[in-house]
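Biologist: I'm new to this one, so please pick a single part and take me through it closely. I'd like to hear how that part sits against everything around it.

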Amino acid sequence: GVTVELNDNIVTVKGTKGTLTQPMLKDITMKQEENTIILERKNENAKAMHGTMNALIQNMIIGVTKGYAKTL
């Protein structure tokens with residue numbers, strides 16, 4: 001029930017709980033193959049941000065499906 005759209009440099013994730021958007025870094029490219037999103041870096045300078053962008057997209061998908069909860 002989640003759709004991921006790649007428009008220019010912006011990722012949009014839509015699900016049952018809403019829509020989230022996130023701009024991508026210019027050194028990170030993203031492509032979608034069936035149900036998999038693949039991130040690739042253009043150079044080694046973006047190595048640290050590669051994992052960060054991966055985590056952001058993963059959290060966006062969780063956010064539009066399960067939502068966020070903080071328990072104390």
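**A close look at helix α1**

Modeller: Let's go with helix α1, whose buried residues are Met-53, Ile-57, Met-60, Gly-63 and Val-64. Buried here means under 20% relative accessible area, exposed means over 50%, and partly exposed is in between (1.4 Å probe, protein chains only). Seen down the axis, those buried residues fall within an arc of 125°, so they line one face of α1; the arc is taken from the directions from the helix axis to the C-beta atoms. On the other side of α1, Lys-47 and Ala-48 are exposed.

Before going on, keep in mind that this is a predicted model: local features need pLDDT of at least 70 and side-chain atom pairs count only at pLDDT 80 or more, while totals for chains, interfaces and linings use all residues. Residues are numbered from 1 along each chain as its sequence is written, and side-chain values use heavy atoms, with hydrogens and water left out.

Back to the helix. Helices (H or I, at least four residues) and strands (E, at least two) are DSSP runs, numbered from the N terminus. The 19 residues of α1 should span 27 Å at 1.5 Å a residue, and the end C-alpha atoms are 28 Å apart, which agrees. That expected span is 1.5 Å times one less than the number of residues. After α1 comes Gly-67, with a positive phi near 85°.

So what does the buried face pack against? It's β2, β3, β4 (28–33) and β5 (36–41). Two of those, β2 and β3, belong to an open sheet of 3 strands, antiparallel and in the order β1-β2-β3; strands pair if DSSP finds at least two bridges between them. β1 (3–7) and β3 (18–23) are at the edges with a single partner strand each, so one side of each has no neighbour in the sheet. On average, neighbouring strands here are turned by 15° against each other, direction ignored. α1 (residues 47–65) packs on this sheet, touching β2 and β3, and makes an angle of about 170° with the direction of β3. For such angles, axes are lines fitted to C-alpha atoms (for helices, over the stretch in contact), and values run from 0 to 180 degrees between N-to-C directions.

Now a peek inside that sheet. Strand β2 (residues 10–15) is joined to β3 by 6 bridges, and the two run antiparallel. Thr-12 lies in β2 and counts as buried at 11% relative accessibility. Leaving out residues up to four places away in sequence, Thr-12 touches Thr-3, Val-4, Glu-5, Thr-19, Leu-20 and Thr-21, a contact being heavy atoms within 4.5 Å.

Thr-19 in β3 also stands opposite Lys-14. Lys-14, in turn, forms a salt bridge with Glu-5, with the closest N and O atoms 3.6 Å apart; the term means a side-chain nitrogen of Lys or Arg within 4 Å of a carboxyl oxygen of Asp or Glu. The structure holds 4 salt bridges, and another one links Glu-40 and Lys-31 at 3.7 Å, N to O.
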